[in-house]
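Hi,

Here is the structure I promised to pass on. Have a look at it first, and then read my notes below.

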Amino acid sequence: MTQTASRPTGTRIPLPLDVEAIRADFPILTRTVRDGKRLVYLDSGATSQKPRSVLDAERDFYENHNAAPHRGAHQLAEEATGLYEAARARVAGFIGGAVEEVVFTRNTTDAINTVAYALSNAATAKEPSFRRYAVGQGDEIVVTEMEHHANLVPWQQLCERTGATLRWLGLTDDGRLDLSDLGTVVNERTKLVAVTQQSNILGTINPLGPIVARAREVGALVLVDGAQSVPHQPVDVATLGADFLVFSGHKMLGPTGVGVLWGRYEVLDALPPFLTGGSMIEVVRMEGSTFMPPPQRFEAGVPMTAQVVGLGAAVEYLQALGMDRVQAHEEALTGYALEQLQAIPGVTVIGPPDTVARGGAVSFTVDGIHPHDVGQVLDDLGIAVRVGHHCAWPVVRRYGVPATTRATFYVHTGYDDVDALVEGVRAAQRFFGVTPEEATA
Amino acid sequence: MQLESMYQDIILDHYRNPHGRGLRDPYEAEVHHVNPTCGDEVTLRVHLDGDTIADVSYEGMGCSISQASVSAMYDLVIGKSVTDALGTGEHFVTLMQSKGDAAVAEKLEDELEDAVAFAGVSKYPARIKCALMSWMALKDASARALAAAPTGGQA
């Protein structure tokens, strides 16, 4: 049997997005890497590349409108404030939330810490109205074993600060949340459930419905980590039913340094601030201060205005493509990649083996080759992937592997990129001499 | 392909047939080092005879570079004084900082023996930590072993 004949022909359904037209919007995709090779960027899950419209929006802000928003009486300050708030309105519309429910943060990690610190600050708040969601001894915080470190460590730390107990939902062997003990893990002592909508390593899209419903039954808050879902699928906070949704701008074609904390207004309004200082105050006296309502209460200091404006442009770009089509595009690529990768002897996909409730993050191991070495061979071919534990150490530990190689897809990804990946994995097997079928090829 | 410049045959040989692998008694100090960016791990024991390194034993998991590096280090440091072994380690750090400068590798060839094959790694900043992990573990374990010396070994 020849090498070619042993491979399935592959199921290439027509892609919903025009990959060539989209690639033309991304200046970085025209460069080459490693001695003239085409850049095959399969690391959008770590950070996405930026279309020209996002870069232009940031440059235009600095060249023509730069000023600190919400301060100053001059024209530039007015324009900067207008652009900053217009971006807020666009982001709010993108996720179906109200404008005053959108807090700009540095990134997802910052957004989660803002909530985690608010819950412990609530315990010592002077204002009785800020104590409603206080976390203390005897309370429980629930996470899952699937979380990115950003949605795990802040809750561990919250529990250490307050004496609360951290509990978690486990994983099944096929990369899904194990909800069999949901009813006991989430109970009357639970103050908050923090769960990812889509795993950054397994690709799993979680069934949030039953988790939110159970949290409602016991009066617990729900925080959804949307870092890997909001960039890749339509997300509507009304449908979600959660109290918080957090995500990062840089993973959704936007700049680094800006993220979003969406919070149900009545919940945000009952929380004390995390960071304090300028912008977030109402009245300041030497004896003490009062704070603005949300979202300003959670935006201390001069914000990352240009990045917020850039994020607004990124959202506009995604809206023009249509999030339904973005999701369908990635699903087609994921199905093809799963089929092609799993057809290679020695390759094991870590996570759901098909596209059912699954996004475009494909993690895998290659027998006999450490992921770093797989990544190095791929890099030599111009293919950028992530290797390691993907900031989800408990997940790789759960599946008994030290690390994985992960490919992630986005709007500019085409079947040619997946083919390059598959060829690259085979090249790695040849280079390290671990391809059993090569001997007979 | 540029790959061969990093994955020298000597490195792949050490990776496939590591020298001195396994944890052994006696030892005066044991350390566990990790590379948190990628999850590479090594557990390393040092046994001293006076101030001479009588044995270095280890278990670890990680990429070919990290695993080959600890094997090559084993060959280099057994029988050396702690001072000389750590001096060799300093030379290895210099090699890792050489950004592929062949002159540096040439100068260090006698001192580093097989380990000079890691010169190609110095061109890949993300992999340097993989190569250095075992040397950092040795430095840490030796210091602990020397500190423990007056009261003798644990075994």
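Predicted model: local features only at pLDDT ≥ 70, side-chain atom pairs only at ≥ 80, totals over all residues.

Residues are numbered from 1 along each chain as its sequence is written, and chains are lettered from A and ligands numbered from 1 in the order in which they are written.

Let's start with two helices of chain A. Helices (H or I, at least four residues) and strands (E, at least two) are DSSP runs, numbered from the N terminus. The axes of H2(A) (residues 52-65) and H10(A) (residues 305-321) come within 8 Å and cross at roughly 145°. Axes here are lines fitted to C-alpha atoms, for helices over the stretch in contact, and angles run from 0 to 180 degrees between N-to-C directions. Contact means that the C-beta atoms of two residues, placed from the backbone, lie within 7 Å.

Next, the strands of chain A. E8(A) (residues 221-225) is mostly covered, with five of its five residues buried (20 or more other C-beta atoms within 10 Å of a residue's own, with C-beta atoms placed from the backbone). Leu221(A), Leu223(A) and Asp225(A) point one way from the strand, and Val222(A) and Val224(A) the other way. E8(A) runs parallel to E7(A) (residues 190-196), joined by five bridges; strands count as paired if DSSP finds at least two bridges between them. Leu192(A) has Leu221(A) as its bridge partner. Three bridges also join E8(A) to E9(A) (residues 244-248), again in parallel, and there Val224(A) stands opposite Leu245(A).

Over in chain B, an open sheet of three strands has the order E1-E2-E3, with antiparallel pairing. Its edge strands are E1(B) (29-35) and E3(B) (52-61), each pairing on one side only. From one strand to the next, the twist averages 20°. Seven bridges join E1(B) to E2(B) (residues 40-49), and Val31(B) has Leu44(B) as its bridge partner in E2(B). Helix H6(B) (residues 125-148) lies across E1, E2 and E3 of chain B, running at about 155° to E1(B).

Over to you!

Methods:
Buried ≥ 20, exposed ≤ 12 C-beta atoms within 10 Å, placed from the backbone.
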